[in-house]
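Take a look at the protein below. We will walk through it piece by piece.

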Amino acid sequence: MRLAEQSSTPNWSLYVQRPHGDAQKSEQRRSRRASYLMVFVVSLVVLVGFTALAVDLGTLRLANTQLQIAVDASALAGSSQLDGTTEGVERARASALAVAQMNKVRGAEVSLDVTDLEFGVWTGGVLVASADPHEIDAVRVTGLISDVPT
């Protein structure tokens, strides 16, 4: 604080002179606030990005699970029709394809082709392809996800 004398009058005025450091501190505060704002904006963008990634991965996992359920149901329906005859193999093929179409993956029907079905003998945990209907006791169904609606 300083006392200053006004010119030519005997009145004394009191005024307070701010130190020059206050202006610098105010500028530093503004700069710090801007830095916090930038950190917040960048963090928010990263958070939204990871959230979108989590949703996409969850959707992919859901589609994979739905396809696995459809393929398993199709294989079970097909194998239940196998009776050691050629007609049994044809019934198994038709049943497997029909059950696959009853299932949906993210709202789209599962469509299998005849080439997605393999018939054979289940030996030691491995399907060995066989053309003899008397030997056939297992069905392998292969499904792929393509053109899943988003």
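**A walk through the model**

E118 is partly exposed, with a relative accessible area of 33%. This comes from a predicted model. Partly exposed is the class between buried, under 20%, and exposed, over 50%, so a value of 33% falls into it. E118 forms a salt bridge with R140, and their closest N and O atoms are 3.4 Å apart. E118 lies in strand 5 and R140 in strand 7 (residues 138-141), so the pair ties together parts that are 22 residues apart in sequence. R140 is partly exposed too, at 34%.

Now step back to the whole chain. The protein has two helices and seven strands. From the N terminus, the order is β-β-α-α-β-β-β-β-β. Of its 150 residues, 22% count as buried.

Stay with strand 5 for a moment. Strand 5 (residues 117-123) pairs with strand 6 (residues 126-129). The pairing is antiparallel and runs over four bridges. Within it, G120 stands opposite A129 of strand 6. Two residues sit between the strands of this hairpin, and G124 takes a positive phi near 60° there.

How many salt bridges does the structure hold? It holds three. One is the pair E118 and R140. Another joins the side chains of R93 and E90, at 2.9 Å from N to O. These two residues are three apart in helix 2 (residues 86-102), so about one helical turn separates them. E90 is partly exposed, with a relative accessible area of 43%. In a further bridge, the side chains of D83 and R91 meet at 2.7 Å, N to O. D83 is partly exposed at 45%. R91 is partly exposed at 38%.

Next comes helix 1, which spans residues 21-80. R32 lies in this helix. The residues K25, R29, R32 and R33 gather in a patch of positive charge on the surface. R32 itself is partly exposed, with a relative accessible area of 43%.

Which residues make the nonpolar surface patch? They are L37, F40, V41, L44, V45, L47 and V48, and the patch covers about 670 Å². V45 belongs to helix 1. At 56% relative accessible area, V45 is exposed.

One last stop is L60, also in helix 1. L60 counts as exposed, because its relative accessibility is 54%, and the cut-off for exposed is over 50%.

Technical notes
Residues are numbered from 1 along each chain as its sequence is written. This is a predicted model: local features need pLDDT of at least 70, side-chain atom pairs count only at pLDDT 80 or more; totals for chains, interfaces and linings use all residues. Side-chain values use heavy atoms; hydrogens and water are left out. Patches are made of residues with over 30% relative accessible area and no salt bridge: like charges are joined within 9 Å, nonpolar side chains (Val, Leu, Ile, Met, Phe, Trp, Tyr) within 5 Å. Accessible areas come from the Shrake-Rupley method with a 1.4 Å probe; for residues, only the protein chains shown count as cover. A salt bridge is a side-chain nitrogen of Lys or Arg within 4 Å of a carboxyl oxygen of Asp or Glu. Buried means under 20% relative accessible area, exposed over 50%, partly exposed in between (1.4 Å probe, protein chains only). Lys and Arg count as positive and Asp and Glu as negative; His and the chain ends are not counted. The place of a charge is taken as NZ of Lys, CZ of Arg, CG of Asp or CD of Glu. Two strands pair if DSSP finds at least two bridges between them.
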